[in-house]
Each structure stands twice: as C-alpha cells, then as structure tokens.
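Opening the notebook on a new chain today.

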Amino acid sequence: MRSNQQASPTKSHNGELAAGPPAVEPEAKGQQDLQHAVDLYQKGMEIAHGATTFEDHCRAIESFSLAIAIRPTQARFFLARGNAFRAIGELERAAKDYGSAIQLDDRSALYYANRGACYRKLNHTAKALEDLTSAIELDGRKAPHYFNRALVLHDAGFYREAIIDFSKALEDGSTAANATPNSIGAPGGGIGLRIEYRALQSRANCYRRLGLLSKCIEDLQAAIKLDPRNASAFSALALAHFECGDFERAADEFTQAIELNSGNASYFSYRGLCYYRQGQEAAAKQRQQQNAPSNLTSGMGIFARQCLADFNRCIQLDGRDPQAYFYRGSVRLALALDLDQASTATPTSNTITTEPKAISTPNVAGKGVSESGEPTSNVVVLPVSTVSFMSAAEQLEAAFADIEMACTLCPSGIPYQIGMAMIMQLKQQHSEARSMLEAIASSSSETRKSVLVQFHTALCCHALGDYERAVELLTDALDVLPDEPIFLEARGLMLQEMRVHPLALADFARALELLEGYEDRKANMNRLLGLRYLRGESALRLGRYQDAVDDCSAAIAGGYTADMAAHNARAMAYRGLSDYDRALLDLNVCVAQAPKNDIFRFHRALCLMECSRYSEALPDLHETATRNSTDTKLLYYMGLCYYHERQPSECVVFLKRALVCKPTQDLLPHLYYHMGLSYALEGQNMSAVEHFTNAYDHCLLVEKSVKAGNNQEDELHEASNKQSQLQQLHEAQLMYIHERAKALQLERYHAEALADFSFVIKKQPTNAHAYFRRGFAHKALGNFKAAAHDLQTARLLDPNNLQLVVNYKELRDVECIVLCPPGEEKRF
C-alpha cells in the first residue's frame with residue numbers, strides 16, 4: 001500500500017528547521033517508483049488469480065511488464081510474469097523470465113523448479129534435469145522436485161532412473177507428511193494425494209515399460225486406493241493384466257473403467273480385445289482336451305458376441321477410431337475362417353496326386369497393445385467359433401469393409417494395410433494381395449524387414465506359383481527369427497511341394513526340435529504331430545521308408561489324421577518296404593473313411609497290382625476313372641490290369657485312350673510296349689512290331705533326357721541316381737527289341753529278326769532265349785552251322801531248361817519254337 005507519512009524535515013546547525021537539500025529528492029522518488037511497481041505487481045497478481053481467459057492473462061502480463069520496467073531488480077516480478085506466460089503456453093518466454101529471476105536470486109528452489117518444468121515441456125531434457133537437480137539441492141521439501149525430475153526422466157525413456165526419483169518423491173512426501181505439523185498441530189506438508197497418485201501411476205508405467213508387470217500392478221492398485229473414482233487407473237491396470245496374459249482380469253478392470261466413464265470409446269475397444277483373447281484361449285483348451293486337429297475350431301462362443309458388442313459400442317462413441325474398425329474386422333475375419341473350415345472339415349480330393357498341394361497358413365497372434373493403445377504388432381486372427389447367422393462369405397465381406405474403413409481413416413496405418421492384404425489372400429486375390437504387400441514393404445526399411453509382411457508375401461507368391469521367391473522371402477524371415485517354427489514349417493511345405501525333400505525334411509526336423517523344447521509341450525501337441533507327419537512325407541519321397549513309417553506311426557498314435565493323410569503316407573512307406581499286408585490295412589482304413597477320395601483308391605490299386613491281384617485292383621481304378629477320365633497314368637494302369645488278366649483287347653482300348661490324352665514322355669515307352677504285347681497275344685504281329693518300335697524310339701528319347709539331367713521321373717524313383725535310371729532304360733530297350741524280334745520271326749521276317757536277336761545278344765551275351773530263337777532265324781536263312789551253334793549255346797547257358805533240348809532232325813519242318821508268351825521272357 002502507498003505510505004501516508006511525510007518526509008521528516010532536517011535541522012540546521014543552530015537547531016532551526018530547514019528544508020532538506022536537493023540530494024534527498026532522488027531517494028524519495030525511488031521510494032515512489034518502488035511503491036508504484038509494487039502496486040502494478042499486486043494488480044497483476046489479482047488479475048492472474050482470477051484469470052479465466054487468454055485476455056485476462058495478457059492483462060496480467062502487461063501489469064507485470066510495467067512493474068519490471070520500473071523495478072527490473074525484483075525477482076518476484078519476473079517469477080509472476082513467467083507464471084503468466086506459462087499459463088498461456090509461452091514456455092520460451094516463461095523460461096526466460098524464470099532465468100532472469102534466478103540471476104537476481106539464485107538461492108530460490110522455486111525459480112529453478114518452474115524453469116525446469118518449462119524445459120520439460122520444451123523437450124530440453126538436459127536443461128530440465130539440471131534445473132530440477134538444483135531445486136532438489138536448494139529445497140528442504142524435496143518431494144515435488146523429485147517427482148518433476150522423475151517425469152523428465154520418464155519422458156526421456158530413462159525408466160530405471162525415473163523409478164528411483166518417483167520412489168524418493170513418495171518416500172520424502174510420506175516423511176514430510178508425518179513429521180511436519182500443520183497450523184492445528186496435525187501432521188502435514190506431504191506431496192498431496194494428487195501428486196502421490198500421479199507418482200504411483202507414472203512409476204507403474206515405468207515398471208510396465210521395463211517388463212516388471214507385478215510391480216506395475218502393485219503401484220496401480222495403490223493408486224486406485226487413493227482415488228477409486230479415477231477410470232484411467234483401472235484402464236492402466238487392465239492393460240497390465242492384459243500383458244500378463246490374464247485376459248479375464250483385464251476385462252474386469254476395463255469393466256470398472258467403463259462404469260466410471262462409459263463415454264470413453266477406447267475402454268470398450270480394449271475390453272473387446274480381452275474377450276477376443278479369452279475366446280482364443282477357450283478354443284485352444286477345447287482343442288487340446290479333445291485332441292482335435294489344430295485346423296478345427298470351436299469354443300469361443302459367447303466371447304465372440306461380447307467382442308462384437310464392445311467394438312460396436314466403441315464405433316458408436318467414436319466413429320473415426322480406425323483401431324475399433326480394425327479389431328471388429330479381425331473378429332469377423334476369424335468368424336469367416338471358422339465357418340469356412342467348418343464347411344471343409346472333411347474334404348475329399350478328386351485329383352490323383354502324390355504330392356501335397358495345399359499349404360497351411362500359420363497364424364501369427366497379436367502381441368498386445370502399447371502405452372498409447374496402438375497394437376504392438378499386427379493382429380492376425382486365429383479361427384474362432386461360429387456364432388453368427390452370416391455365411392463365411394458375408395463375414396469375409398464385412399471384415400473387408402471394416403478393415404477398409406480403418407485404412408480410409410488412417411491411410412498410413414501399416415497394420416490396417418496388412419489386414420487388407422490378408423483378406424485379399426482369403427478371397428483368393430493373390431496377385432492384388434502380393435502387390436499391396438510389396439508396396440507396404442517398399443514404403444520403409446522397417447516394413448521391408450517385417451517378418452509378417454515377408455511371410456504373407458511368401459504365401460501369395462506360393463499361390464501364384466512363384467515358389468523360388470516364396471522360399472527366398474521365408475528365408476529372409478528366418479534370418480530375423482531363426483527359431484520360429486511357423487516359418488520353418490511353411491518353408492518346409494513349399495520345399496516339399498518343389499520336391500526339394502532333403503531341405504524340407506531339415507526344416508521340419510528343426511521345427512520339431514524347437515517345439516519339443518517348449519515348456520508347454522502339450523499345448524503344441526497338434527503341431528508336433530503334424531510336423532511328424534510332414535517329415536514322414538519327405539522321408540517317403542527320399543526312399544527312407546522306415547523313417548517314414550516311424551514318423552507317420554507317431555503322428556497316428558498321437559491322434560493326428562489330417563483327413564487320413566498320415567495313414568496314406570504310412571501305407572506308401574510300407575509299400576516301399578514291400579510290406580503289402582500292412583500297406584493295404586492302412587489304405588482300407590483310408591478308403592472306408594473317405595470312399596470318394598481318389599488318391600486312396602489309386603494307391604490301394606497300386607498295392608494290389610504289385611501283389612498280382614489285378615482283378616481286385618480294377619474296381620478301384622474304374623471308380624477313380626469316373627472322376628479322372630483323362631489321367632494317362634490311371635488309364636495305363638487299367639490297361640495293364642486287363643493285360644495281366646489276359647484281356648488284350650480291353651488293354652488296347654485303355655492304352656489308346658491314354659495316348660490320346662497326351663501322356664508324359666517317360667510313360668510313352670510303357671504304353672507302346674504293352675500295346676505291342678497285347679497285339680502279339682492276339683496274333684497281330686505286325687501291329688505289335690510297330691508298337692515295339694515306338695516303345696524303343698521313345699525310350700531312347702527318355703534316355704537322352706536323363707543324360708541331360710532334366711527328366712521328370714515318377715515320384716517313387718526320385719531317390720534313384722542317374723546311373724540306376726540309365727541301367728533300367730537299357731534293360732527296357734533290350735526287352736523291346738527282343739519282343740520285336742520274336743514278332744518279326746513269326747511273320748517270317750527272318751533277316752530283320754536275326755538282326756534284332758543279335759542286338760540283344762551283344763548286350764546280353766547270356767540270354768539263352770535270344771540265342772535259341774536266333775538259331776531258328778539262321779536256319780530259316782539256310783545258315784545251318786550258325787543255327788546249330790546258337791541252339792547249342794542256348795542249351796549250355798540254361799542247362800536246366802528242357803525246352804532248349806531239341807532233336808535237330810525233328811526241327812526240319814519247324815520254323816521256330818515259342819518258349820513263352822509275349823512279355824514273359826526270363827531276365828538274363
């Protein structure tokens with residue numbers, strides 16, 4: 001307040017009153033200026049205390065500035081103006097004023113604390129830490145300064161150091177509250193409930209960032225005790241339980257948050273995600289208890305409805321939240337997958353094949369949510385229960401619409417783009433999905449290295465037939481996550497389809513090794529059994545039949561069937577071991593379970609044929625042919641059965657049909673040879689000669705291809721080396737020429753027959769039958785000495801064959817003696 005006292009007059013040397021000298025006037029003026037400055041300061045304080053608008057704060061700043069202009073040596077004036085600047089967000093100017101106050105009075109902790117708070121908001125971490133440390137050193141009541149410094153450390157990511165300061169703030173605040181009496185003698189002076197609550201919640205977040213979730217939960221529970229009406233604390237506690245995998249408790253805590261604040265859309269979104277995870281767990285437990293195949297889904301039930309209800313409510317509250325659309329689309333995608341799998345739980349194949357053509361799509365589950373609520377990884381949904389009246393196609397379209405909306409609301413959201421690409425995959429739009437995934441990968445170096453993007457791009461490449469690129473992408477993913485069984489299994493399946501079985505087998509073995517090492521082995525039992533079957537398949541293709549039997553038997557014993565594929569593979573392995581009884585037992589089980597499956601019938605027919613039970617094989621072959629009327633190998637085997645059943649005309653009918661259907665190069669020699677035998681059996685020897693010649697010519701082409709290294713042999717011979725293949729081809733060529741020679745001889749083309757017999761004898765000098773028949777060719781041509789020599793040689797080479805013992809005198813009118821029917825020559 002302005003002073004009402006007048007200036008005291010001075011006395012002269014003689015005691016008389018005299019007016020003060022002119023030198024006193026500046027002092028009086030200074031007092032007046034100070035008083036005026038104080039008045040302006042107090043006016044500014046009054047305005048600041050009642051300020052409610054930006055203009056109010058500006059008026060306060062104006063008063064403080066006038067006070068400073070009059071008296072620039074008053075630290076409190078700068079403090080007051082700094083506070084006003086800080087109130088309107090002018091942090092740089094506020095920090096400058098606090099700095100001016102510090103220059104005038106560097107022993108005030110308040111000035112350092114306020115400037116440190118400004119520096120924190122300006123992200124000047126080092127300056128903020130320096131100022132707040134100074135405040136701690138200067139102030140006996142340190143708790144608030146520890147708290148503020150902890151916030152700076154928290155914002156900068158120094159969570160361990162922040163925990164120390166938050167702990168000191170809580171300890172010092174508690175000590176001060178208990179030790180300092182207030183005005184009525186009661187303890188007081190702590191940091192206050194509000195700051196204590198914030199310290200506990202912030203320290204809990206630090207613990208969460210460090211993965212110390214149990215301590216995080218303890219702090220949040222303590223914070224809730226201080227303020228049980230704060231919804232954000234329940235939300236934070238729910239997120240901590242979510243990351244612990246306790247989805248049920250997390251859902252309960254989100255429910256508490258919703259009861260306190262039902263208008264917060266994110267609470268509904270997160271609770272829906274909790275229900276979703278609970279549904280996944282329920283489905284997994286049910287599959288485990290029932291020991292069902294991993295591709296069958298059930299058990300989510302009510303959780304799916306709760307998921308959709310929460311996501312729907314979230315969208316009603318905030319229709320521009322892309323995350324809610326994305327999660328709802330994920331649930332719908334799960335329902336679509338479930339409906340689709342339920343409709344194809346027992347598929348049957350109508351195509352004869354001996355390689356697995358379908359490749360499973362491993363599921364990559366989402367890992368949770370971040371501090372801000374964003375997904376920390378892309379949500380790739382697992383199959384769930386069917387709880388909708390919508391069809392699989394309708395659910396898929398709805399999922400696509402939801403995720404498309406998420407992309408529209410957040411075009412740069414990589415998770416949403418990946419979700420769109422995945423739905424395109426499910427809709428069989430592999431080319432579009434691949435283009436989208438490759439665009440995502442090229443958008444940044446981070447997404448280029450994303451194993452999820454690489455994995456799904458690989459699946460698209462596989463579907464489009466670009467196997468090499470698919471394997472390359474999966475290899476890149478495995479470079480990042482070398483111990484991920486899902487990627488190893490996927491690459492193994494692709495290598496298996498490419499017939500690179502040694503590498504496929506190695507991938508399956510490594511995936512098995514990793515899964516065997518998991519603590520919860522029982523939870524992964526279905527995948528373990530599936531991998532044993534897949535490894536058995538590759539062992540089968542490599543001719544390691546006993547290994548294949550062992551792996552498939554282990555898979556079957558564990559309850560794995562995969563639509564009887566394991567039984568089928570074991571049957572083929574038993575076939576390789578020539579254990580046809582066991583092979584047929586397995587195949588009978590397969591056919592009984594899936595009577596329309598052509599693969600099982602075809603394989604049973606093969607085993608029956610190799611047991612010379614041709615009449616039993618024919619029904620299976622005919623049943624299979626009703627759905628595969630142009631399959632050349634099937635038609636060939638049907639003709640072969642009729643040949644062995646002594647029905648050559650029927651044999652020719654089916655072999656001709658096979659020729660019309662453009663058989664592979666390696667099958668042509670067999671087709672022509674058996675057609676030649678059938679014609680020979682019917683006495684049509686010239687037709688037989690023509691077909692034996694064709695068989696020989698095509699066999700030469702196959703030999704050339706084998707030598708070049710690019711033949712596509714039947715799968716059961718893949719394990720044979722090139723030398724073995726060539727040896728088999730040479731033996732077949734001699735067989736074709738031998739049968740042609742016999743047919744020529746019967747048609748009295750003796751010179752041509754002699755040339756063919758000589759060709760055979762040159763390659764097989766111990767072939768007694770060829771010598772014997774050549775002897776008659778020499779006889780017919782008048783070369784009796786050579787004839788006698790050949791007949792004598794034949795008897796010496798096969799002395800136990802009484803057919804070769806002849807009386808030369810009795811052969812005078814005999815053109816030749818037929819030793820065996822066509823196609824039944826002994827192997828020499």
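Started with helix 25 and looked for what covers its buried residues: the cover includes helix 24 (525-541) and helix 26 (565-576). I took contact as heavy atoms within 4.5 Å. The residues being covered are Ala-548, Val-549, Asp-551, Cys-552, Ala-555 and Ile-556. For the record, buried means under 20% relative accessible area, exposed over 50%, and partly exposed in between (1.4 Å probe, protein chains only). Helices (H or I, at least four residues) and strands (E, at least two) are DSSP runs, numbered from the N terminus.

Before going on, a note on the source: this is a predicted model, where local features need pLDDT of at least 70 and side-chain atom pairs count only at pLDDT 80 or more, while totals for chains, interfaces and linings use all residues. Residues are numbered from 1 along each chain as its sequence is written, and side-chain values use heavy atoms, with hydrogens and water left out.

Checked the length of helix 25 too. Its 13 residues (545-557) reach 18 Å from first C-alpha to last, close to the 18 Å expected at 1.5 Å a residue; the expected span is 1.5 Å times one less than the number of residues. Just after this helix, Gly-559 has a positive phi of about 100°.

Whole chain next. I get 37 helices and four strands. Of the 828 residues, 49% are buried. Among contacts with a separation of 6 or more, 56% are between residues 24 or more positions apart. The accessible surface is about 40,200 Å², with 50% of it belonging to carbon and sulfur atoms; areas come from the Shrake-Rupley method with a 1.4 Å probe, and for residues only the protein chains shown count as cover.

Then the record. Residues 75-108 are 79% helix and 0% strand, with end C-alpha atoms 10 Å apart. Residues 197-230 also come out at 79% helix and 0% strand, with their ends 10 Å apart.

Helix 10 (213-226) was next: 14 residues, reaching 20 Å from first C-alpha to last, close to the expected 20 Å. Which of its residues are buried? I listed Leu-213, Cys-216, Ile-217, Asp-219, Leu-220, Ala-223 and Ile-224.

Ala-128, Asp-131, Leu-132, Ser-134, Ala-135 and Ile-136 are its buried residues, and they pack against helix 5 (109-121) and helix 7 (143-156).

Last topic, charges. My search of the whole structure finds 40 salt bridges, counting a side-chain nitrogen of Lys or Arg within 4 Å of a carboxyl oxygen of Asp or Glu.

Asp-56 pairs with Arg-59, closest N and O atoms 3.3 Å apart. Both sit in helix 2 (54-70), three residues apart, about one turn. Asp-56 is buried at 15% relative accessibility, whereas Arg-59 is partly exposed at 44%.

Asp-310 bridges to Arg-271, with N and O 2.7 Å apart. Asp-310 is in helix 14 (302-317) and Arg-271 in helix 13 (265-290), so the pair ties together parts 39 residues apart in sequence. Buried or exposed? Asp-310 counts as buried at 4%, and Arg-271 counts as buried at 13%.

Glu-824 and Arg-646 meet at 2.4 Å, N to O. Glu-824 lies in the segment after helix 37 (784-797) and Arg-646 in the loop between helix 30 (632-644) and helix 31 (648-660), so this bridge ties together parts 178 residues apart in sequence. Glu-824 is partly exposed at 37%.

I also noted a salt-bridge network linking Lys-596, Asp-598, Glu-623 and Arg-627.
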